[in-house]
Amino acid sequence: MVRFEQVSLRYDDGPSVLRDLTFSLDPGSFHYVTGPSGAGKTSLLRLMILAQKPSSGRVVLFGRDGATLNRDERAETRRRIGMVFQEFRLLDHLSVMENVMLPMKLIGHTGPQVEHHVRELLSWVGLGEALDSLPHTLSGGQQQRVAIARAIIGRPSLLLADEPTGNVDDQIAERLLYLFEELNRLGTTVLIATHNEHLIEQFRHPIIRLDEAQAEMLSSDEEED
Amino acid sequence: MLLARPDIPLDQDSTSRFLPWLIAFMVFLASLALASLLVVESLVTRWDRGLRAELTVQIPPPDSSGGDEELAGLRQERLDQVLAVLAKTSGVQDAEVLSQEAVAQLVEPWLGSNRDEMAIFLPSLLAVRIDPLTQIDVPALQLALDQAVAGTQVDDHQRWLGALVRLARSVELGALLVLLLVAMAGTATVVFVTRASLAIHRPVIELLHLMGAEDRYIAKQFQGHALRFSLRGGLVGFAAAAGILGLFAYLGDQMESGLLPRVELSILDWAIVAVVLLVTCVIAMLTARFTVTRTLGKLQ
């Protein structure tokens, strides 16, 4: 599904953000990415969504080297990935419903059935009453749930989430993790960047620990130790 | 109702507020330029068609100090000689002799209204209708008439018609130039505004890209926006131009002057002028699309 081969990243002439990362995520796997602030978690996710080119090494997605994809192929690859951004990145001029519909619109799927599906999902994440609201009228936690709904509405093959529980209370965070696990059971490969040790403890999955620009793969048991 | 709003809020740009007015002004200018071109073209065609089918033959008055009867007899004799030559000329359909009264009226603005005194100086005039499909050899006819009655002149109107046509062609060239400049200015404006919008909405466009939007999906949004503002502005500009042309036509009718050409557009002409609106929309759409795909294509 995802393979990093000696991937390094540095911005301009700055220090290495990531150095010689080699790992792979199997289809249907569930991983966390952890590490201190500035360890490169967001950069790792940006490499996976092809928003960033590695300084060296290869990022292979769905069996294809990201560097060899043309613009249309890159777009096609990205449509198979759901991304929850740390800063949400909702479109403020569109309603909650329209924001969540956006990935479906990009693949040309619209209509009453899709709308019904979106309503259901938004109700499930507790936003059934806010369908027509504009994002800036919502709290941070609500915006985060809209961002998550948008990322998963198209049943992506790969879900990348950057601190998806950072702005929600524990109860909602648990509920979202159940949702991610449910998606994972349905076949979506999940990678979540998080600081939330409590959730990592509660929902056990392998971990990619980033520190000093390098990655270490840990099983959930190793993390516990 | 849902998804009626575009993903990129282009309507909220400050550029979107002035652009329809700019397009309106350009369509207004282009419509007037094209309408003037069509009016001039139609005038030239009318003049050309009318004058190509007619010659004027001028027979000098006889040199006689005799009485009126003798003068009239000599005039008639010369007239008959000329008519005989014309009758034998291929392509001549008929010849109408203008009465002395009519000739006197023609020269009245220059020579005054004392017709009795002028009568002896006035030439005889013939309006000769010719078959437009037959090419008349005017120099040969001139020679034959001159031999029949010395001093007879044939005027095929080409001298002054040529000057008029040259003037009309200059006006047409000017109108075409205006059209070209307006098209260039319009295209440049759309390119500038599209680039500005791309810069303003870069975060949204980047997000759409990360979600898997292709360049043509984004270009389509700009294209739709360009269509909306060009149609809105274009309709205003076209309506204003139609109003002005209508006003000119009305004023022309009120003046009832034979000297001024009538501002008259046929239904086909109106359809051609309306094409300005269509072409403006197409140019705006294509320019926006091309600018977006080209600019995005340069990005990583």
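1. In this predicted model, the interface between the two chains brings 16 residues of chain B into contact with 22 residues of chain A. On the side of chain B that touches chain A, the elements giving two or more residues are α7 (202-210) and α8 (215-255) of chain B. Of these, α7(B) gives the most, with three residues. By class, this side of chain B has nine nonpolar, three polar and four charged residues.

2. The largest nonpolar core has 106 residues. Those with the most contacts inside this core are V100(A) and L160(A), together with V27(B) and L34(B). Its largest share, 15 residues, is supplied by helix α1 (residues 15-52) of chain B.

3. Leaving aside residues up to four places away in sequence, L34(B) touches A175(B), L179(B), I272(B), V273(B) and V276(B).

4. A helix pair in chain A may also be noted. The axes of helix α3 (residues 96-106) of chain A and helix α5 (residues 140-152) of chain A come within 7 Å and cross at roughly 30°. Because angles under 35 degrees count as roughly parallel, α3(A) is roughly parallel to α5(A). The crossing of the two helices is right-handed.

5. The contact between these helices draws on V96(A), N99(A), V100(A), L102(A) and P103(A) from α3(A), and on V146(A), A149(A) and R150(A) from α5(A). By class, the contact has six nonpolar residues, one polar and one charged.

How values were computed: Residues are numbered from 1 along each chain as its sequence is written. Chains are lettered from A and ligands numbered from 1 in the order in which they are written. This is a predicted model: local features need pLDDT of at least 70, side-chain atom pairs count only at pLDDT 80 or more; totals for chains, interfaces and linings use all residues. A nonpolar core is a set of buried Ala, Val, Leu, Ile, Met, Phe, Trp, Tyr and Cys residues joined through C-beta atoms within 7 Å. A residue is buried if 20 or more other C-beta atoms lie within 10 Å of its own, exposed if 12 or fewer, and partly exposed in between; C-beta atoms are placed from the backbone. Helices (H or I, at least four residues) and strands (E, at least two) are DSSP runs, numbered from the N terminus. Two residues are in contact if their C-beta atoms, placed from the backbone, lie within 7 Å. Ala, Val, Leu, Ile, Met, Phe, Trp, Tyr, Cys and Pro count as nonpolar, Asp, Glu, Lys and Arg as charged, and the others, Gly among them, as polar. Axes are lines fitted to C-alpha atoms, for helices over the stretch in contact, and angles run from 0 to 180 degrees between N-to-C directions. Angles under 35 degrees count as roughly parallel, over 145 as roughly antiparallel, 65 to 115 as roughly perpendicular and the rest as oblique. A crossing is left-handed if the near helix is turned anticlockwise from the far one by less than a right angle, and right-handed if clockwise.
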